[in-house]
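Colleague: I'm new to this one, could you show it to me and then let me ask a few things?
Modeller: Of course, here it is.

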Amino acid sequence: MNSGEGKVVCVTGASGYIASWLVKFLLQRGYTVRATVRDLNNPNKVDHLLKLDGAKENLQLFKADLLEEGSFDSVIQGCHGVFHTASPAVFDVDDPQTELIDPTVKGALNVVKSCAKSPYVKRVVFTSSIASAIYNGRPKTPEVVVDETWFSNQDFLWGKKMWLQYAKTSAEEVATKFLTENNIDYVVMNPAVTIGPLLQPELNGSSSLILDLINGSETFKNATFGWINVKDVANAHIKAYEDASASGRYCLAETVMHFSQLSNILRNMYPTLQIPNKCADDKPFMQTFQISKEKAKTLGIEFIPLEVSLKEIIESFKEKEFVNF
């Protein structure tokens, strides 16, 4: 028998990059999945979910809007677990409050409030981001290890106009405070930049970082990020849900790497492509640092190597005709 047989779970924002894999793996394990999307009539948001193995029998799609209070009530009613992954992942915004902060923060609160109204919910798995850990003003060097005890400083992020990171940090704080006060069991996932194969037909924010590098960009960013495969992230969510001893936050990153190193790897993998070898600015390269894997390993995550993730995402780009070579 599959571990999820007879269990009903909700996945919010199911058409998203991580969420689509989460739905796929949950269905494989026999769960009944109630998945929310903003627009049931948009084939780009629902067709790839309806095609998943087990979808006919065990996938139910619902319309729900993060900004509409109570719109998750009926979906969550009767669910044993709730995976809250819905949140906009956009880097360039004209109006950060409306486009990013409100849907992320108010949306998180709306979802956890709906959880509090249902007596069945045993555990909430909250998708946050490594961004809500690493920005606390402490200097990063190759010796520094970021772990679950790190929390980003909201004033620092606001001052730097890092809106996505600010929204993620605030949402995690608001949601976990509410869950704690209402005695709802929860775990928080803090994935780094997530790459790997795409199930959805549209490009998402983290994938576009790689697409830009192989698609004619003249320069690479002067930035150092943690990187992880989307399948590891989805898997970690499910393991954290199923493992009764799981608690608190989980940093998820296979490696931390500067874009210069990333470009070198891609150049070796795809020698025919025009991969940039020049940085976008002439400042010193942003330092690398480490992100702890210790706690994530307790969930049994093996971590797919970065080179494999890069190959998978680029093959995925070809398949979906985002690139042509």
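Colleague: Where is Lys 161 placed?
Modeller: Lys 161 sits in the loop between α7 (154–159) and α8, where helices (H or I, at least four residues) and strands (E, at least two) are DSSP runs numbered from the N terminus. Before we go on, this is a predicted model, in which local features need pLDDT of at least 70 and side-chain atom pairs count only at pLDDT 80 or more, while totals for chains, interfaces and linings use all residues. Residues are numbered from 1 along each chain as its sequence is written, and side-chain values use heavy atoms, with hydrogens and water left out.

Colleague: And what is the phi of Lys 161?
Modeller: Phi of Lys 161 is near 55°, a positive value in a residue other than glycine. Lys 161 counts as exposed because its relative accessible area is 58%, given that buried means under 20% relative accessible area, exposed over 50% and partly exposed in between, with a 1.4 Å probe and protein chains only. Glu 321, in the segment after α13 (306–319), also has a positive phi, of about 60°, although it is not a glycine. With 69% relative accessibility, Glu 321 is exposed.

Colleague: Back to α8, how many of its residues are buried?
Modeller: Of the 19 residues in α8, 14 are buried, so the helix is mostly covered. Its expected span, which is 1.5 Å times one less than its number of residues, comes to 27 Å, and that agrees with the 27 Å between its end C-alpha atoms. After α8 comes Asn 183, with a positive phi near 55°.

Colleague: What about α10, which residues are buried there?
Modeller: The buried residues of α10 include Val 230, Asp 232, Val 233, Ala 234, Ala 236 and His 237. The helix covers residues 230–242, and its 13 residues should span 18 Å at 1.5 Å a residue, which agrees with the 19 Å between its end C-alpha atoms.

Colleague: Which side chain does the side chain of His 237 make a polar contact with?
Modeller: That partner is the side chain of Thr 127, at 2.8 Å. A polar contact here is a pair of N or O atoms within 3.5 Å; within protein, one must be able to donate a hydrogen and the other to accept it, and residues adjacent in sequence count only if both atoms are side-chain atoms. A polar atom of the His 237 side chain also lies 2.7 Å from the backbone oxygen of Val 233. His 237 is buried because its relative accessible area is 0%.

Colleague: Changing topic, how much space lies in the largest cavity?
Modeller: The largest cavity holds about 60 Å³ of space, and the structure has one cavity of 30 Å³ or more. On a 1 Å grid over the protein atoms alone, a cavity is a set of points where a 1.4 Å probe fits but cannot get out, and lining residues have an atom within 4 Å of a point. Grid points are joined across faces, edges and corners, and a volume is the space filled by probe spheres set on the points.

Colleague: Which residues line the largest cavity?
Modeller: Among them are His 84, Thr 104, Phe 126, Thr 127, Lys 168 and Ala 171. Both β5 (123–127) and α8 (163–181) supply at least two residues of that lining.

Colleague: And the aromatic rings, how many pairs are there?
Modeller: The count comes to eleven aromatic pairs, where rings of Phe, Tyr and Trp (its six-membered ring) pair if their centres lie within 6.5 Å, with planes under 30 degrees apart counted as stacked, over 60 as edge-to-face and the rest as tilted. Trp 158 and Trp 163 form an edge-to-face pair, 4.9 Å centre to centre with 80° between the planes. Trp 158 is partly exposed, with a relative accessible area of 41%, whereas Trp 163 is buried, at 17%. Another edge-to-face pair is made by Trp 227 and Phe 259, with 5.6 Å centre to centre and 75° between the planes.

Colleague: Where do Trp 227 and Phe 259 lie in the chain?
Modeller: Trp 227 is in strand β9 (residues 224–229) and Phe 259 is in helix α11 (residues 259–269), so this pair, 32 residues apart, links distant parts of the chain. Trp 227 is buried, with a relative accessible area of 0%, and Phe 259 is buried as well, at 1%.

Conventions:
1 Å grid on protein atoms, 1.4 Å probe; cavity = no way out; pocket = protein on both sides within 12 Å on 5 of 7 lines; lining within 4 Å.
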